[in-house]
Amino acid sequence: MVFKRRDRRSPLQVLWELIWPRGGWTRAFHYVKHRVRRLPDSPERIARGIGAGVFASFTPFYGMHFVIAVILARVINGNILASLSGTFFGNPLTYVPIGVISLQTGHFILGTHFEEGSEHGLMGKFASAAGDLKNNSIALFTDRNADWHALKVFFQEVFYPYMIGGILPGIVTAVVCYYLSLPLIRTYQQRRRSKIKAKFQAIKKKAEAALPNPENPG
């Protein structure tokens, strides 16, 4: 096939590139930044879209950040494509600090405590909740009894505090990104318009110079 990759990647390479893309996250960041700057919209709407995407990265709804970003962008009249780009704020390099900050903030607001330890740590609660989902799914088609204890613990100690705790740092980070990106986008668009105008003027002058002079036809 014409568009088939010559260097077929192994499943391990595919997984690794999800964590660390080719060229690194710095190159991926610059690519997203370049695409955002070239969006045909007002700087305010683009910056609001970026803020919506950044806020979506602080929610615990992994796999649905694009959907949340689009909804928020529609609500605040932001650019939808910019909101999708803004979700790249959440990546394997930032998910850990985002999760820690959101969980700590959530438990502080709710006045609860996250029980830690080798058996009750974050990964242990994830594993137990996944085990409950698996066993309860099997229980739907067998005579096995369903047990929701681990899922209840996961919701109370991880998901709900994460959801509540991510609101405040998400808003703060989104507002900061809005005010940081707004002047950059505005400056880039003004410079781009100046370059396009200069090119148009140069083409116009070149076309006028190529026209015959009626006063000097010879």
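Guide: What follows is a walk along helix H3 and its packing partner. This is a predicted model: local features need pLDDT of at least 70, side-chain atom pairs count only at pLDDT 80 or more, and totals for chains, interfaces and linings use all residues. Residues are numbered from 1 along each chain as its sequence is written, and side-chain values use heavy atoms, with hydrogens and water left out.

H3 covers residues 43-56. Helices here are DSSP runs (H or I, at least four residues), numbered from the N terminus. H3 has 14 residues and reaches 20 Å from first C-alpha to last. That is close to the 20 Å expected at 1.5 Å a residue; the expected span is 1.5 Å times one less than the number of residues.

Now burial. Buried means under 20% relative accessible area, with a 1.4 Å probe and protein chains only. Eleven of the 14 residues of H3 are buried, so H3 is largely enclosed by the rest of the structure. Among them are Pro43, Ile46, Ala47, Ile50, Gly51, Val54 and Phe55.

The partner is helix H9, residues 167-210. The two axes lie 7 Å apart, at an angle of about 150°. Axes are lines fitted to C-alpha atoms over the stretch in contact, and angles run from 0 to 180 degrees between N-to-C directions. H3 and H9 are therefore roughly antiparallel, a label for angles over 145 degrees.

Contact means heavy atoms within 4.5 Å. On the H3 side, the contact residues include Pro43, Ile46, Ala47, Ile50 and Val54. On the H9 side, they include Ile167, Ala174, Tyr178, Leu182 and Gln189.

How values were computed:
Helices (H or I, at least four residues) and strands (E, at least two) are DSSP runs, numbered from the N terminus. Angles under 35 degrees count as roughly parallel, over 145 as roughly antiparallel, 65 to 115 as roughly perpendicular and the rest as oblique. Buried means under 20% relative accessible area, exposed over 50%, partly exposed in between (1.4 Å probe, protein chains only).
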